[in-house]
Amino acid sequence: MENICVGWTTLDTAERAEALACGLVRDGLAACAQVEGPVISFYRWEGKLENSREWRVMVKFPEGKGERLMDWLREHHPYATPQWLAVRAAQALPEYAAWVAGAGG
C-alpha cells in the first residue's frame, strides 16, 4: 500500500484557503483538504519581523502524488514563496490508507 502524506500550507484569506483546498481535491491530487483558522503567523520576511492572520490548509495525499501536488501549488498558490511542508504518516488505519490511495482518482 502506498504511503500517506500530510502536508500544510497557509493563505491570507479563508476564501483563498477554501478555493485552494477544493482545487487540490477536485484535480485529484488530494483525498482530503481541511481549512482551519485563523491562525497568527510570526515570521521574518525580507529582513523584517512580520505577523499576519492566515488560514491553514491541511492536505492528505498519497506519497506518489507529492511532486505533482507541489507543481500544482507553485502554479495556484498566490504567495511568492508558499509554505509547503509534508510528512509521511507513521501510522494509518488500513481502511483509511486505502481510501486516501484511491480517492484522488
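In this predicted model, the largest nonpolar core holds 17 residues. Leu 24, Val 59, Phe 61 and Leu 69 touch the most other members of this core. H1 supplies the largest share, with five residues. In soluble globular proteins, nonpolar side chains tend to be buried together.

Strands E2 and E3 run antiparallel and are joined by 12 bridges. Within this pair, Gln 34 stands opposite Met 58 in E3. The two strands form a hairpin with two residues between them. Glu 46 is found in the loop between E2 and E3. Phi of Glu 46 is near 50°, a positive value in a residue other than glycine. Glu 46 is also exposed, because its relative accessible area of 73% lies over the 50% cut-off.

The peptide bond from Gly 37 to Pro 38 is cis, with omega near 10°. Most residues other than glycine have a negative phi, and most peptide bonds are trans.

E2 (32-45) and E3 (48-62) each supply at least two residues of its lining. E2 gives the largest share of that lining, five residues. The space in the largest pocket is about 300 Å³. Its lining includes Ser 41, Phe 42, Tyr 43, Arg 44 and Trp 45. Glu 54 and Arg 56 also line the largest pocket. Further lining residues are Thr 10, Tyr 79, Ala 80, Thr 81 and Gln 83. By residue class, the lining divides into five nonpolar, four polar and three charged residues.

The search of the whole structure finds five salt bridges. Three of them are described here, beginning with the pair Asp 12 and Arg 16. The side chains of Asp 12 and Arg 16 meet at 3.1 Å, N to O. Asp 12 counts as partly exposed, at 32% relative accessibility. Arg 16 also counts as partly exposed, at 40% relative accessibility.

Glu 63 and Arg 88 form another salt bridge, at 2.5 Å, N to O. This pair links distant parts of the chain, 25 residues apart. Glu 63 lies in the loop between E3 and H2, whereas Arg 88 lies in strand E4 (residues 85-88). Glu 63 is partly exposed, with a relative accessible area of 29%.

A further salt bridge joins the side chains of Arg 74 and Asp 71, at 2.9 Å, N to O. Both residues lie in helix H2. They are three residues apart, about one turn of the helix. Arg 74 is exposed, with a relative accessible area of 60%. Asp 71 is partly exposed, with a relative accessible area of 45%.

Lys 65 lies in the loop between E3 and H2. Lys 65 counts as buried, because its relative accessibility of 12% is under the 20% cut-off. Lys 65 and Met 1 are 64 residues apart in sequence. In space, Lys 65 and Met 1 are 14 Å apart, C-alpha to C-alpha. Arg 26 is found in helix H1. Arg 26 is exposed, with a relative accessible area of 58%. Arg 26 and Ala 14 are 12 residues apart in sequence and 18 Å apart in space, C-alpha to C-alpha.

Technical notes: Residues are numbered from 1 along each chain as its sequence is written. This is a predicted model: local features need pLDDT of at least 70, side-chain atom pairs count only at pLDDT 80 or more; totals for chains, interfaces and linings use all residues. Side-chain values use heavy atoms; hydrogens and water are left out. On a 1 Å grid over the protein atoms alone, a cavity is a set of points where a 1.4 Å probe fits but cannot get out, and a pocket is an open set with protein on both sides within 12 Å along at least five of seven lines; lining residues have an atom within 4 Å of a point. Grid points are joined across faces, edges and corners, and a volume is the space filled by probe spheres set on the points. Helices (H or I, at least four residues) and strands (E, at least two) are DSSP runs, numbered from the N terminus. Ala, Val, Leu, Ile, Met, Phe, Trp, Tyr, Cys and Pro count as nonpolar, Asp, Glu, Lys and Arg as charged, and the others, Gly among them, as polar. Two strands pair if DSSP finds at least two bridges between them. A nonpolar core is a set of buried Ala, Val, Leu, Ile, Met, Phe, Trp, Tyr and Cys residues joined through side-chain atoms within 4.5 Å. Buried means under 20% relative accessible area, exposed over 50%, partly exposed in between (1.4 Å probe, protein chains only). A salt bridge is a side-chain nitrogen of Lys or Arg within 4 Å of a carboxyl oxygen of Asp or Glu.
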